[in-house]
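I opened my notebook with a protein model on the screen and a plain wish to find my way around it.

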Amino acid sequence: MLTGVYKAEKKDHTVYYRAGITFKGRHISLGSYQTENEAHKAYQAASELLSDTRDLDKATGLTEYLPFDKLVSLINFRDNDMYIPTPIYLHKNYFSYYLSIHRELKFDIDDLFYYSSHRILQRQGHLYVNDYGMQVTILSRYGIKNHAVKNRDYHFVNGDENDFRYSNIEVINPYFGVTRIEKKGTYSYRVRIHINGNVTVGTYKNITHAAIAYNKAVDTAKKAGIAKNFPENYIEELSGSEYAEIYRKIKLSPNFSEYLDSL
């Protein structure tokens, strides 16, 4: 066998070849290949990369022999003495997760353990991970719900949509059915519920009251016979008695009651 190549066999007895390299006392698998020569070229590419100082931009030519994800992991191990199986490169106060050659995501070091063991996937513009058999959007780690709209419910402070550091993500609205409205520097919160289209419940000065108004609208709709599985808001900062008092006093728009009566 050529250097760095290991012969293997599938269950159906088909022969293939695995490439691997040992660096800093750790054996690293480089992947599986159909021919011994291809596996050896992967080993040579990894050996070349680990013995020089080229950065990721200058190493992308080696993707002919090694997957891009593996390039990132090898360069990070070479430079930072930490082998991470996902495409992460460590910086002083943050890390980069390379979704592709052309897309670099930035995260706080606090998230390193999570993304070291969870691979980020992309579908229809949404970024998610598979977590305990479920597809979970990465925005959910910031308290941003699946229905959230960028620049309405959250926004990136510095305008960089690839910067997921906590200081760069402002959650404008964490609640279902609530939209923040700005007028002459003053904020109010409009509540809508989706029945047969969006129906306005009312406008409130306080976001917490708006979230409770939405919940009350859900309860009112159910009592009116609307058989729909509405999401509901959970307000952590309120005790049960505080919530109940606000719920009792909060008023819903007369137009909303008229709408329910018309159904």
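Here are my entries, in the order I looked things up.

**Entry 1: Confidence**

I began by reminding myself that this is a predicted model. I then looked up the confidence and found a mean pLDDT of 94 for the protein, with 100% of its residues at 70 or more. Where is confidence lowest, and where is it highest? I found the lowest in strand E12 (residues 178–183), at a mean of 91. The highest is in strand E4 (residues 88–90), at 98.

**Entry 2: The start of the chain**

I went to strand E1 (residues 5–9) and saw that E1 pairs with E2 in the antiparallel sense over five bridges. In this pairing, Glu-9 stands opposite Val-15 in E2. The two strands form a hairpin, with five residues between them. His-13 sits in that turn and has a positive phi of about 75 degrees.

Next I followed E2 onward to E3. Seven bridges join E2 to E3, and the two run antiparallel. I noted Tyr-17 opposite Tyr-33 in E3. This hairpin has two residues between the strands, and Lys-24 takes a positive phi near 50 degrees there.

**Entry 3: A salt bridge**

Which residue meets the side chain of Lys-24 in a salt bridge? It is Asp-81, at 2.2 Å from N to O. I then checked where both partners sit. Asp-81 lies in the loop between H3 and E4, and Lys-24 in the loop between strand E2 (15–23) and strand E3 (26–33), so this pair ties together parts that are 57 residues apart in sequence.

**Entry 4: Two helices**

I turned to helix H1 (residues 36–50) and helix H3 (residues 68–80). How do they pack? Their angle is about 35 degrees, and their axes are 10 Å apart. The crossing of H1 and H3 is right-handed. I listed the residues that meet: Ala-46, Leu-49 and Leu-50 from H1, with Leu-71, Leu-74, Ile-75 and Arg-78 from H3. By class, this contact of H1 with H3 has six nonpolar residues, one charged residue and no polar ones.

**Entry 5: Another hairpin**

I moved on to strand E5 (residues 94–100) and strand E6 (residues 103–108). They pair in the antiparallel sense over six bridges. Tyr-94 stands opposite Asp-108 in E6. A hairpin through two residues joins E5 to E6.

**Entry 6: An open sheet of E7, E8 and E9**

I found three strands in an open sheet with the order E7-E8-E9 and antiparallel pairing. Asp-131 stands opposite Met-134 in E9.

**Entry 7: An open sheet with a helix on it**

My last stop was an open sheet of three strands, in the order E12-E13-E14, with antiparallel pairing. The edge strands are E12 and strand E14 (197–204), and each pairs on one side only. On average, neighbouring strands of this sheet are turned by 30 degrees against each other, direction ignored.

What packs on this sheet? I found helix H5 (residues 207–223) there, touching E12, E13 and E14, with its direction at about 15 degrees to that of E13.

Then I went through the pairings. Six bridges join E12 to E13, and Glu-182 stands opposite Tyr-187 in E13. These two strands form a hairpin with two residues between them, and Lys-184 in the turn has a positive phi of about 55 degrees. Seven bridges join strand E13 (residues 186–195) to E14. Ile-195 has Gly-197 in E14 as its bridge partner.

Methods. Residues numbered from 1 in each chain as written. Predicted model: local features only at pLDDT ≥ 70, side-chain atom pairs only at ≥ 80, totals over all residues. Heavy atoms only, no water. Pairing = 2+ DSSP bridges. Helix = DSSP H or I, 4+ residues; strand = E, 2+ residues; numbered from the N terminus. Axes fitted to C-alpha atoms, helices over the stretch in contact; angles between N-to-C directions. Left-handed = near helix turned anticlockwise from the far one by under 90°. Contact = heavy atoms within 4.5 Å. Nonpolar A, V, L, I, M, F, W, Y, C, P; charged D, E, K, R; others polar. pLDDT = per-residue confidence, 0-100. Salt bridge = Lys/Arg side-chain N within 4 Å of Asp/Glu carboxyl O.
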